[in-house]
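Please find below a colleague's note on the model under review. The points are numbered so that each may be checked against the coordinates.

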Amino acid sequence: MTGLKNEKDGYESLIDAALAISRIFTLDKQSEIVTQALERAFPSYILTMIKVMMPPSRFSREYFAAFTTIFFPWLVGPCEVMESEVDGRKEKNVVYIPKCRFLESTNCVGMCTNLCKIPCQKFIQDSLGMKVYMSPNFEDMSCEMIFGQQPPEDDPALKQPCFRTKFCKL
């Protein structure tokens, strides 16, 4: 998406690319690059099919949470499904990440918000039709992904000061 290349492999290559993106591009462009990369990673007919066949419901919220814990530990680290209350009923619609691998690897609030949180929330909402609120805890580097919840307009994560001003752009 950026035209940048690096000599690393696997996860280390992803982190190296994220560091480069955070240094070179504006905040809006960073999120745009990630969103476009996510859109290109999946055939559009698959995204449309998921959006149509899995409209927001208890089943789809719980399915998205379970899917995340199975297919994304390589990116975020170990994670588990937890319950929350939706409309007075318990649902297993929350993914709890005790220590986010991406946040820990980058050690950067700006990279978490601009290269993960904002573009992932947008992609999941726009491409898959599922609201999701990603709530990182910058104190202990944990995160919760709450499927079915709209991110707040006044999101506290977007006000968090940078850990290391060397790489972060807030």
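The note covers confidence, strand pairing, salt bridges and the surface.

1. Basis of the note. This is a predicted model, in which local features need pLDDT of at least 70 and side-chain atom pairs count only at pLDDT 80 or more, while totals for chains, interfaces and linings use all residues. Residues are numbered from 1 along each chain as its sequence is written, and side-chain values use heavy atoms, with hydrogens and water left out.

2. Confidence. pLDDT is the predictor's confidence in each residue, from 0 to 100. The protein chain has a mean pLDDT of 91, and 95% of its residues reach 70 or more. Over residues 165-170 pLDDT stays under 50, and the model has 24 contacts there beyond four places in sequence (contact means heavy atoms within 4.5 Å). Where pLDDT is low, the predicted coordinates should not be read in detail.

3. Strands β1 (residues 80-86) and β2 (residues 89-97) run antiparallel and are joined by 6 bridges; strands are DSSP runs of E of at least two residues, helices runs of H or I of at least four, both numbered from the N terminus, and two strands pair if DSSP finds at least two bridges between them. E80 has Y96 in β2 as its bridge partner. The hairpin has 2 residues between its strands, and D87 in the turn has a positive phi of about 50 degrees.

4. Strand β3 (residues 132-137) is joined to the antiparallel strand β4 (residues 142-147) by 6 bridges, with P136 opposite C143. Here 4 residues lie between the strands, and M141 in the turn has a positive phi of about 65 degrees.

5. Salt bridges. The whole structure holds 7 salt bridges, each defined as a side-chain nitrogen of Lys or Arg within 4 Å of a carboxyl oxygen of Asp or Glu. One of them joins E32 and K29 at 3.3 Å, N to O, both residues lying in helix α2 (residues 27-41). Another joins K117 and D155 at 2.7 Å. This pair links distant parts of the chain, with K117 in helix α7 (residues 109-128) and D155 in the segment after β4, 38 residues apart. Both K117 and D155 are buried (buried means under 20% relative accessible area, exposed over 50%, partly exposed in between, with a 1.4 Å probe and protein chains only).

6. Surface. I70, in helix α4 (residues 58-71), is exposed because its relative accessible area is 59%. R89 is partly exposed, at 44%.
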